[in-house]
Amino acid sequence: MEGRYLQADFQRLSVASVLAPAADEAGGEQARDAFMEAFLTHTGKTARKRRQYIICANLRTAHRDEDADSFFHRQPVSGFLPHERAWMDELFNQQGYLDAFRSLEADDRAASWWPEWARNWRRAAGWRTDYQMLTPGLHDALEDGWIDTDAGFSDHAPVVMDYRISPE
């Protein structure tokens, strides 16, 4: 699998970096779906722990209509399929994780990734596939956030979030 999960543990806080596998290669859709199920199982366990989590992830999936250009709403491509969006619903609605960016920018169209084939990629149709997700105990720690579309080192723009977290 191409999926990745790296976690750094601090006193009562863990910060994880996650990359979901792409579904665009042979067998990729099955690997992606398996990763999504395993990740959902893991996040279900972490949401119930006393430890708090910030999960920074490229899930290669846009969750809401505002997270993908309307062009992609009509396309049968991985990253905006109904079962992928339902998976995201479970993560946020049933497990209680907070989509940090969406909690600040509830209805604004936003993109953090633009397909390589798009010319003038920051002006073309894009998706918000990059997330910072918080366990319920960190919901009040969020102070500010934005997508830095001026950073030009990748076809992804960094999702920058500011937190107020005590180092205790």
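The side chains of arginine 128 and aspartate 67 meet in a salt bridge, with 2.9 Å from N to O; a salt bridge here is a side-chain nitrogen of Lys or Arg within 4 Å of a carboxyl oxygen of Asp or Glu. This pair links distant parts of the chain, since arginine 128 sits in the loop between helix H4 (100–104) and E5, while aspartate 67 sits in the loop between E3 and helix H2 (70–73), 61 residues apart. The model is predicted, so local features need pLDDT of at least 70 and side-chain atom pairs count only at pLDDT 80 or more, whereas totals for chains, interfaces and linings use all residues. Residues are numbered from 1 along each chain as its sequence is written, and side-chain values use heavy atoms, with hydrogens and water left out. Helices (H or I, at least four residues) and strands (E, at least two) are DSSP runs, numbered from the N terminus.

Are the two partners buried or exposed? Arginine 128 counts as buried at 0% relative accessibility, and aspartate 67 is likewise buried, with a relative accessible area of 0%; buried means under 20% relative accessible area, exposed over 50%, and partly exposed in between (1.4 Å probe, protein chains only).

Arginine 128 also meets the side chain of aspartate 99 in a salt bridge of 2.5 Å, N to O. Because arginine 128 lies in the loop between H4 and E5 and aspartate 99 in strand E4, this pair ties together parts that are 29 residues apart in sequence. Aspartate 99 is buried, with a relative accessible area of 7%. Asp67, Asp99, Arg102 and Arg128 are linked in a network of salt bridges, and the structure holds 7 salt bridges. Another of these joins glutamate 66 and arginine 64, where glutamate 66 is partly exposed at a relative accessible area of 22% and arginine 64 is partly exposed at 24%. The table lists the pairs described so far.

| Salt bridge | N to O distance |
|---|---|
| Arginine 128 and aspartate 67 | 2.9 Å |
| Arginine 128 and aspartate 99 | 2.5 Å |
| Glutamate 66 and arginine 64 | 3.1 Å |

Aspartate 99 leads on to the sheet, as this residue stands opposite methionine 133 in E5. E4 and strand E5 (residues 130–134) pair in the antiparallel sense over 2 bridges, where two strands pair if DSSP finds at least two bridges between them. The open sheet is formed by 5 strands in the order E1-E2-E3-E5-E4, and its pairing is mixed. Its edge strands are strand E1 (4–9) and strand E4 (98–99), each of which pairs on one side only.

By contrast, E2 and E3 run parallel and are joined by 7 bridges, one example being serine 14, whose bridge partner in E3 is tyrosine 53.

E5 is mostly covered, with 5 of its 5 residues buried, and E3 is mostly covered too, with 6 of its 7 residues buried. In a regular strand the side chains alternate between the two faces of the sheet. Asp130, Gln132 and Leu134 point one way from E5, while Tyr131 and Met133 point the other way, and all are buried.

H3 lies across E4 and E5, running at about 30° to E5. Helix H1 (residues 28–47) and helix H3 (residues 82–94) pack at an angle of about 10°, with their axes 11 Å apart; axes are lines fitted to C-alpha atoms, for helices over the stretch in contact, and angles run from 0 to 180 degrees between N-to-C directions. H1 and H3 are therefore roughly parallel to each other, as angles under 35 degrees count as roughly parallel, over 145 as roughly antiparallel, 65 to 115 as roughly perpendicular and the rest as oblique. Residues in contact, meaning heavy atoms within 4.5 Å, include Met36 and Phe39 in H1 and Trp87 and Leu91 in H3.
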